[in-house]
Amino acid sequence: MDIVKTRTIHAHLSRLILAVVLVIGVGCTTTPARNPLPLELTNQAVVPGVPEARFWGDEWPKFSLERFDTFTEDDFQRQFQGVYNQPHNYLAVSGGGSNGAFGAGLLVGWTQTGTRPEFTMVTGISTGALTAPFAFLGPDYDEQLKIVYTTTSTRMIAKKRNPLVAPFGDSMVDTKPLRELIAEHITTDVIEAVAEEHKKGRRLFIGTANLDASRSVIWNMGAIAASDYPRKVELFYDVLQASSAIPVAFPPVVIPVEAGGQLYDEMHVDGGTGSQVFVYPAAIDWKLITEKLKVQGTPRVYVIRNSILEPDHRGVRRSIFPIGMRTIDSLIRTQGIGDLYQIYTLCARDGNEFNLAYIPSDFTEKPSEGFDPVYMSRLFDLGHQMALAGYPWQKVPPGFRATAPHD
């Protein structure tokens, strides 16, 4: 009997080992081959034919510096005709997954009050990257914005991979549905409209993280849209998808680049790994920009943080997954608050007016899935109603004290 048991155990072990070998074998074939950019060429890589397609998120791009060094007043007036000698309003939309419904509702309600300005510049990260093109193009696209953030479900964003194969690939889910969703709503007409606004001097920027270089990248979507690059539509989609590509959960997006006359590729993921929201790099002298463009009045910065900023005191179960998720949530929350303080400091330095909107802590609804249409519709309605009532834009980040307390 012991011999029979032993043989049975050996048989089961053999099958298990064979299954593991097969999974590893299959897993090894699930990740496409790459031609990664060599480290020494990191700062030389460009998108072929679109030299102003992107720049590092922590520096003033060289092409912009050269322009400010060489342009005459006539050059600025000609190149930035739509924003020259005009008031400036800048909008920054943060990440937040399905919480992006709040910002979408806020924008639509803001339109209906008749006080929403045309934004000179719009920036987006993660879910904010999907909001940004519609916000940039204005109220004519409010209906599209509402549809995206009130009818989208998890299955329209991603589908699960085989759990035995996924650990050996580059992500836990397949985001082909997300790509299809982007293509459905960001049509070639939308891209052409972005190009036309770019030619007037308005700017649409989307943030990603270059995983190979471990550095934030800001993409000039208008420059891409206005270019003659043969795959500009695909690149536009690549950037939007990459900005939303949560590492490990979602697959990274591999983007073709050129350096030294050779083609390579870069791996880009969710811009939220670098920052939750941004307006412009701290290295840029924004006062110089407003002087050169003869901006009228005080530039206004509007930041939509698609998140609740107050601490979550619900407690956590002593188990690996709840602990891991709470740790990530805490990191994102504190990083996002740090980003708000940086933006506020830049506004104070550069003479811009700071305005902040975020989800109030008394919103206690919980989604039943990652992208729950019912939850998102309620959050959209909340932002919409708050805007109609006259949103109370916060003039300082949460917890900030403008002056030291008196003794």
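Helices (H or I, at least four residues) and strands (E, at least two) are DSSP runs, numbered from the N terminus. Counted this way, the chain has 13 helices and 11 strands. The model is a predicted one, in which local features need pLDDT of at least 70 and side-chain atom pairs count only at pLDDT 80 or more, while totals for chains, interfaces and linings use all residues. Residues are numbered from 1 along each chain as its sequence is written, and side-chain values use heavy atoms, with hydrogens and water left out.

Start with the whole chain. Of its 407 residues, 48% count as buried (under 20% relative accessible area; exposed is over 50% and partly exposed in between, with a 1.4 Å probe and protein chains only). Among contacts (heavy atoms within 4.5 Å) with a separation of 6 or more, 78% join residues 24 or more positions apart.

Next, select residues 142-151, helix H6, and residues 373-388, helix H13. Their axes come within 7 Å and cross at roughly 135°. Axes are lines fitted to C-alpha atoms, for helices over the stretch in contact, and angles run from 0 to 180 degrees between N-to-C directions. H6 and H13 are therefore oblique to each other; angles under 35 degrees count as roughly parallel, over 145 as roughly antiparallel, 65 to 115 as roughly perpendicular and the rest as oblique. On the H6 side, show Lys146, Val148, Tyr149, Thr150 and Thr151, which meet Pro373, Met376, Ser377 and Phe380 of H13. The residues of this contact divide into 5 nonpolar, 3 polar and 1 charged (Ala, Val, Leu, Ile, Met, Phe, Trp, Tyr, Cys and Pro count as nonpolar, Asp, Glu, Lys and Arg as charged, and the others, Gly among them, as polar).

The largest cavity holds about 70 Å³ of space, and its lining has 6 nonpolar, 1 polar and no charged residues. On a 1 Å grid over the protein atoms alone, a cavity is a set of points where a 1.4 Å probe fits but cannot get out, and a pocket is an open set with protein on both sides within 12 Å along at least five of seven lines; lining residues have an atom within 4 Å of a point. Grid points are joined across faces, edges and corners, and a volume is the space filled by probe spheres set on the points.

For the second largest pocket, select Arg67, Phe80, Gly201, Arg203 and Phe205, which lie nearest its centre among 32 lining residues. About 520 Å³ of space lies in this pocket. H2 contributes the largest share of the lining, 4 residues. By class, the lining has 19 nonpolar, 8 polar and 5 charged residues.

Now go to proline 256, in strand S8 (residues 253-259). At 28% relative accessibility, proline 256 counts as partly exposed. Leaving aside residues up to four places away in sequence, proline 256 touches Pro48, Arg231, Tyr264 and Asp265.

Two loop residues end the tour. Asparagine 85 lies between H3 and strand S2 (89-93), and its phi is near 60°. Lysine 294, in the loop between H11 and strand S10 (300-308), has a positive phi of about 50°. Most residues other than glycine have a negative phi.
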